[in-house]
Amino acid sequence: MFPATWRRLCRRAPSCPEPRTQSLLAGSGPSYWSKVVSDAERLVGYPTSFMSLRCLLSDELSNVAMHVRKLIGTQHPLLNTARGYVYDSRSNLQTRGLIVLLMSKAAGPSHAASDLLPQDMVSGIYPSQRHLAEITELIHTAFLVHRGIVDLKGWTDSDGPLKDMEFGNKMAVLSGDFLLANACTGLAQLNNTKVVELISSAIGDVVQGIYSENNSTTEENAGVDAAAWEDRAFLSHGALLAKSCQAALELANHDKGSQSLAFKYGKHISLGHKLNSDLQPFVKSDAGEPASFSLSAAPVLFHRQVVGQERWRQQLQQATTLRNQLDYSKLLAAVKSEKGVSSAVDLCRYHGNRALEAIQVFPSSEARSALENIASAITRF
């Protein structure tokens with residue numbers, strides 16, 4: 001029953017102190033983010049974007065991949081998901097596993113871990129922690145794949161061939177379920193009931209967050225303030241990483257205080273990254289046609305709170321063309337004219353600073369510096 005519920009909720013309509021390594025912060029943009037990630041990957045032993053490679057090369061998923069190729073030339077979003085998984089970018093955060101490994105390395109072995117031997121560690125990380133990082137990546141990827149399921153209610157011929165979309169949905173269901181099943185099997189193999197409880201609750205949080213996003217009305221969004229946005233964004237975007245960081249320290253038998261700090265780092269990093277992603281259309285200086293953006297993005301919600309519901313409706317009407325389509329350039333200018341964007345930027349920097357504060361208790365190390373650089377990276381635009 002659970003995979004069916006997960007897929008149903010994932011359907012979408014067809015439409016603090018600065019880090020010590022200052023040299024890494026000399027630039028900005030995707031190349032800077034890639035630099036931070038690649039340097040961090042060297043510390044943990046291998047590129048974490050390929051952590052689930054064993055699963056992806058399995059015979060079962062290879063057969064699925066052969067069928068997914070048939071979607072080439074269609075508009076099904078599963079293709080974009082697959083492309084984003086192979087070709088990493090700043091907008092597609094595939095570093096959850098990396099952060100889990102860095103947190104494991106930064107915290108180091110626990111003195112209370114009598115049954116864990118230091119010689120079992122590879123690059124300062126226990127095998128069980130590496131396994132957990134793979135599980136985190138698999139769950140996140142399953143979530144992305146299931147988000148590619150298209151709601152075909154009201155689908156018309158002008159939207160594209162219905163047969164292609166139905167086939168794409170079947171592939172998204174099959175491949176997403178396969179990844180999620182492998183993650184759950186790996187989770188059981190960790191033989192740690194506390195970790196199983198943490199990650200299982202994170203999956204439940206994601207489902208609840210998606211349900212909240214998909215079922216929120218226009219009136220409900222109008223009353224969303226920063227605190228309400230954070231609560232919703234944490235469930236759908238932050239719970240998995242926060243609880244995975246906590247679980248990584250649980251596997252090394254660290255105390256509850258250290259686990260709580262790891263949780264806070266994962267939470268604030270996730271919220272900061274979500275804000276950074278939402279802000280991109282509003283802070284880009286590229287000339288040309290503006291990119292489309294979600295009306296539930298943080299800057300838009302904060303803008304609506306500032307101007308009020310009546311004025312927001314007027315701005316929407318003014319930005320709607322005769323073909324009943326949004327003119328994003330007009331709407332973008334309206335949002336940028338008020339304090340919604342600056343409020344989102346301030347909140348992003350707040351979460352970056354809170355993430356930095358959370359890890360100051362850990363010993364000074366290259367792993368902690370890498371975590372600091374990632375926290376600083378999400379506050380740069």
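Helices α14 and α15 are roughly antiparallel to each other, a label given to angles over 145 degrees. The model is a predicted one, in which local features need pLDDT of at least 70, side-chain atom pairs count only at pLDDT 80 or more, and totals for chains, interfaces and linings use all residues. Residues are numbered from 1 along each chain as its sequence is written, and side-chain values use heavy atoms, with hydrogens and water left out.

Two packed helices are described by the angle between their axes and the distance between the axes. Here, α14 spans residues 309–318 and α15 spans residues 328–336. Their axes come within 9 Å and cross at roughly 150°. Axes are lines fitted to C-alpha atoms, for helices over the stretch in contact, and angles run from 0 to 180 degrees between N-to-C directions. Helices are DSSP runs (H or I, at least four residues), numbered from the N terminus. From α14, the contact (heavy atoms within 4.5 Å) uses Trp312, Gln315, Leu316 and Gln318. Lys330, Leu331, Ala334 and Val335 contribute from α15.

Helix α13 covers residues 298–307. Eight of its ten residues are buried, so α13 is largely enclosed by the rest of the structure. Buried means under 20% relative accessible area (1.4 Å probe, protein chains only). Among the buried residues are Pro299, His303 and Arg304. Gly308 follows α13 and has a positive phi, near 90°.

The largest nonpolar core has 57 residues. Such a core is a set of buried Ala, Val, Leu, Ile, Met, Phe, Trp, Tyr and Cys residues joined through side-chain atoms within 4.5 Å. Leu102, Met103, Leu132, Tyr265 and Ile269 have the most contacts inside the largest core. Helix α6 (residues 96–107) gives the most to this core, with eight residues. Beyond its neighbours within four places in sequence, Met103 touches Cys245, Leu249, Ala262, Tyr265, Ile359, Phe362 and Leu371. A second, separate core has 27 residues, including Val300, Leu301, Phe302 and Val307.

Glu372 belongs to helix α17 (residues 366–377). Glu372 is buried, at 3% relative accessibility. Its C-alpha atom is separated by 9.0 Å from that of Gly352, 20 residues apart along the chain. Thr379 sits in the segment after α17. Thr379 is also buried, with a relative accessible area of 19%. The Thr379 side chain reaches the backbone oxygen of Ser376 at 2.7 Å. Leaving aside neighbours within four places in sequence, Thr379 is in contact with Asn276, Cys348, Arg349 and Gly352.

How values were computed:
Buried < 20%, exposed > 50% of the residue type's maximum accessible area, 1.4 Å probe, protein only. Helix = DSSP H or I, 4+ residues; strand = E, 2+ residues; numbered from the N terminus. Parallel < 35°, antiparallel > 145°, perpendicular 65-115°, else oblique. Polar contact = N/O pair within 3.5 Å; in protein donor to acceptor, adjacent residues only side chain to side chain.
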